[in-house]
Amino acid sequence: MERYSPAARSDRYGSRINRTQSPLRASIVPYASILIGSLVPFVLLADVMPLAPPLGFLVLIAWRIMRPGLLPLWVGVPLGAFDDLFSGQPFGSAVLLWSLTMIALEMIETRFPWRGFWQDWFSAGLAIVLYIFAAMAVSGAAPTIHQLIAAVPQVLLSVLLYPIISRMIAWLDRYRLSRSRRIG
């Protein structure tokens, strides 16, 4: 018969007992991931046509769909302003579009409270398509058929990238809520 030792108990269950989640990490991770997502396309410059997806917007949508009550509705204003500073769009375009997206997703959530993967992907894909074409319209450029055709790869890449971004946000959410330190 194997003897029970305190070291075995500590290894087996001790890492999960008397632990609490970090309130700082729980509140900072969503906002920091959205801000980092807004900065990544700044590094990936495309000189011929837009190909880099709006990662900050994708991360915002993923957080909003994954955790509906986590981000307040007004968060589109400061995060959109940060995105406007680095995206090259006229200042206020992401503020407006991100805020409208947050309101629209809130309306969808209250109308259809049940959720599934396909519904989330469809909602996110529709928001992405509308965001990219609305950002083109708000930018002040006269939309031509050539600009619309040039935006199609960016739209497709963004919509197809959403499940991967959503998976990364699920991992970040687990990290955000993981237990970090021992209590007293």
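## Arginine 64

Arginine 64 lies in helix α3, residues 55–66. Helices here are DSSP runs of H or I with at least four residues, numbered from the N terminus. This is a predicted model, in which local features need pLDDT of at least 70, side-chain atom pairs count only at pLDDT 80 or more, and totals for chains, interfaces and linings use all residues. Residues are numbered from 1 along each chain as its sequence is written, and side-chain values use heavy atoms, with hydrogens and water left out.

Arginine 64 is buried, at 2% relative accessible area. Buried means under 20% relative accessible area (1.4 Å probe, protein chains only). A polar atom of the arginine 64 side chain lies 3.4 Å from the backbone oxygen of proline 68. Arginine 64 also touches Leu71, Met102, Leu105, Glu106 and Glu109, leaving aside residues up to four places away in sequence. Contact means heavy atoms within 4.5 Å.

## Helix α4 and its partner α2

Helix α2 (residues 23–43) packs with helix α4 (residues 76–87) at an angle of about 20°, with the axes 9 Å apart. That makes the two helices, α2 and α4, roughly parallel, a label for angles under 35 degrees. Axes are lines fitted to C-alpha atoms, for helices over the stretch in contact; angles run from 0 to 180 degrees between N-to-C directions.

From α2, the contact uses Tyr31, Ile34, Leu35, Ser38, Leu39 and Phe42. From α4, it uses Leu79, Phe82, Asp83 and Phe86. By class, eight residues of this α2–α4 contact are nonpolar, one is polar and one is charged.

The buried residues of α4 are Gly76, Leu79, Gly80, Ala81, Asp83 and Asp84. Their cover includes α2, α3, α5 (93–111) and α6 (117–138). Glycine 88 follows α4 and has a positive phi, near 90°.

## Helices α6 and α7

The axes of α6 and α7 come within 9 Å and cross at roughly 150°. That makes α6 roughly antiparallel to α7, the label for angles over 145 degrees. Residues in the contact include Trp121, Ile128 and Phe133 of α6 and Leu148, Gln154 and Tyr162 of α7. The contact of α6 with α7 divides into 15 nonpolar, four polar and one charged residues.

## Glutamine 154

Glutamine 154 lies in helix α7, residues 145–177. Glutamine 154 counts as buried, at 12% relative accessibility. Its side chain reaches the backbone oxygen of alanine 52 at 2.8 Å.

Key
Parallel < 35°, antiparallel > 145°, perpendicular 65-115°, else oblique. Nonpolar A, V, L, I, M, F, W, Y, C, P; charged D, E, K, R; others polar. Buried < 20%, exposed > 50% of the residue type's maximum accessible area, 1.4 Å probe, protein only. Polar contact = N/O pair within 3.5 Å; in protein donor to acceptor, adjacent residues only side chain to side chain.
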